[in-house]
Amino acid sequence: MRVVTVPTSLDDRTLDTLAQGIGEWPPSEGILLDARSAHWASPYGLTAMLTLGQAMAEAKLPTPRLTIPDSDDVRSYWGRAGFFLAAAECFELVGKLPRKNSDAPSDVLLPVTPVRAAEDVHHVVGRIQERAQHILSSELNLEPKATLGFAMALSEACQNIVEHAGTGGWVAVQTYNWRKRLGRKVVVIAVSDSGVGFRRSLEPTEAKKVGDRWGDGAALELALLHNVSRFRDPGRGQGLAGIRRYLGRWQGKISVRSGTARLAVVPPWDDDVPLAEHLPYFPGSQVQITIPAQEAVTR
Amino acid sequence: MMQRIDLAPLLRETVATPYSDMVTRSTGAALRDRIEQTIAGASHRTTQLDFTSVGLLDFSCADEVVAKLLLRVAAEDEHYVVLSGITDSHLDAIDHVLERHGLSVAALTEGEAAPRVLGVVTPDAVTAFQTIQRLGAGDANRLADALTWTVERAADALQSLALRRLIQAAGGTYRPLSLS
């Protein structure tokens, strides 16, 4: 069994380290995700771990094992964020699970939630509006228009799973105080699925047109920057276009990882690279949408 | 005569969720099917889609319910669609999908007595549309007088509005769409 250490801090940047640890896909042996030393995981990190477990189950590989963090605080937090409930479906959990507690932490606007069908998207959008509107306006100073756009962006990001992945996925939403990185609060949407990925989704219609450059990066560029969809219907591809339009207005960021590439639409406050290719392979697609508090922008 | 379709109850009948949000493409496609059936079963020339009590509207659902419906209706003779009960929760998505398809539609937004045009439209067409709402039926001469435009400019704007089914045209005269 291959032991893959979960980075102490697992997010969109350190997922590559986790992917590196997995090695070739599909793995030739069982996997044990060792999260004992984990101190923190973003919604992106939590949903990506679930995607790994789901991808292994769908590939009919041995059920991966996941050792639970040693830290009481971390496992309590992950538990309240809904992670272990979801993880029990696709991992053999090893270690002491936290006591069941139905209250999600106050910064968790949407705990880890499965998305498998259109009804799930209705549920996610309904829940986020019930729970998040006050927090988004009072703590992140988002205008009513921005909070509406937030729910729309969430809906479209989740629909990508239903429409394109060919399997289920997970979504989670959380606020943070990014004091060091940004100097203000942000709200983050993370959506991850173990589906076919952008390259395979667009390959039948786009690969020949692109030619030698065809790959995960080119597929992401077509989908995210040029609104290309595998459907011929001219109305398709509007979800990601709508998200980009919304993020442009509120200085938000979107980052999409699929296969071996990650593409980001980078706002002025961030130093991420727009396109990273030749990354270690990770199954499915992972989307992260980040919207900063508006207070600092207007000052 | 105008046919009014109340979308909130239609949504509840179509999707079995407790929420009032019009989200997802499949929901939009199912709603559009119901709307098209309702339109086909009546003889009205104008259909008002009423968004009152509809919560959020996302891009994919707006594409199905508004843009695709307008495209289907455009293929029929003399059928008009207007929107009502539009709030900030709906505007962004509707504008976005209309722009994407190069479409426009007359809409009554919350708190406004007169309809406005959403989507793709020239400044002259907007001015002409607003003026016709105030003046009522007339011809290019009447509009040109009201706006101190040339008759040709007024006629161009009116023709553009008529082609987009934002006003009704008959024998060189024009009138606003009936909203009651």
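What radius of gyration does chain B have, with its 180 residues, and why does that agree with a compact globule? Select chain B in this predicted model to begin. Its radius of gyration is 16 Å, which agrees with a compact globule because one of 180 residues would have a value near 16 Å.

**Chain B as a whole**

Along its principal axes the C-alpha trace spans about 55 × 30 × 25 Å. Of the 180 residues in chain B, 43% are buried. Among the contacts in chain B with a separation of 6 or more, 66% join residues 24 or more positions apart.

**The two domains of chain B**

Next, colour residues 1-120 of chain B as domain 1 and residues 121-180 as domain 2. The C-alpha centres of these two domains of chain B are 24 Å apart. Where they touch, domain 1 of chain B contributes 13 residues and domain 2 of chain B contributes 11 residues.

To see the domain 1 side of this contact, select strand 2 (46-50), strand 3 (80-86), strand 4 (104-109) and strand 5 (116-119) of chain B, the elements that give two or more residues to it. Strand 4 of chain B has the largest share, with three residues. By class, the domain 1 side holds nine nonpolar and four polar residues, and no charged ones.

**Where chain B touches chain A**

Now show both chains. Their contact takes 24 residues from chain A and 24 residues from chain B. On the chain B side, select helix 2 (25-40), helix 3 (59-74) and helix 4 (88-101); each supplies at least two residues. Helix 4 of chain B gives the most, eight residues. This side of chain B is made up of eight nonpolar, eight polar and eight charged residues.

**Helix 5 of chain A**

Finally, select residues 118-138 of chain A, which form helix 5. Helix 5 of chain A has 21 residues and reaches 30 Å from its first C-alpha to its last, close to the 30 Å expected at 1.5 Å a residue. Centre the view on Ala132(A), where helix 5 of chain A bends by about 50 degrees.

Ala132(A) is also one of the buried residues of this helix, which include Val121(A), His122(A), Ile128(A) and Leu136(A).

Technical notes
Residues numbered from 1 in each chain as written. Chains lettered and ligands numbered in written order. Predicted model: local features only at pLDDT ≥ 70, side-chain atom pairs only at ≥ 80, totals over all residues. Contact = placed C-beta atoms within 7 Å. Helix = DSSP H or I, 4+ residues; strand = E, 2+ residues; numbered from the N terminus. Nonpolar A, V, L, I, M, F, W, Y, C, P; charged D, E, K, R; others polar. Domains from an automatic or database assignment. Rg over C-alpha atoms; globule rule 2.2 N^0.38 Å. Buried ≥ 20, exposed ≤ 12 C-beta atoms within 10 Å, placed from the backbone. Expected span 1.5 Å × (residues − 1). Bend = angle between axes of the 7 residues up to and from the residue.
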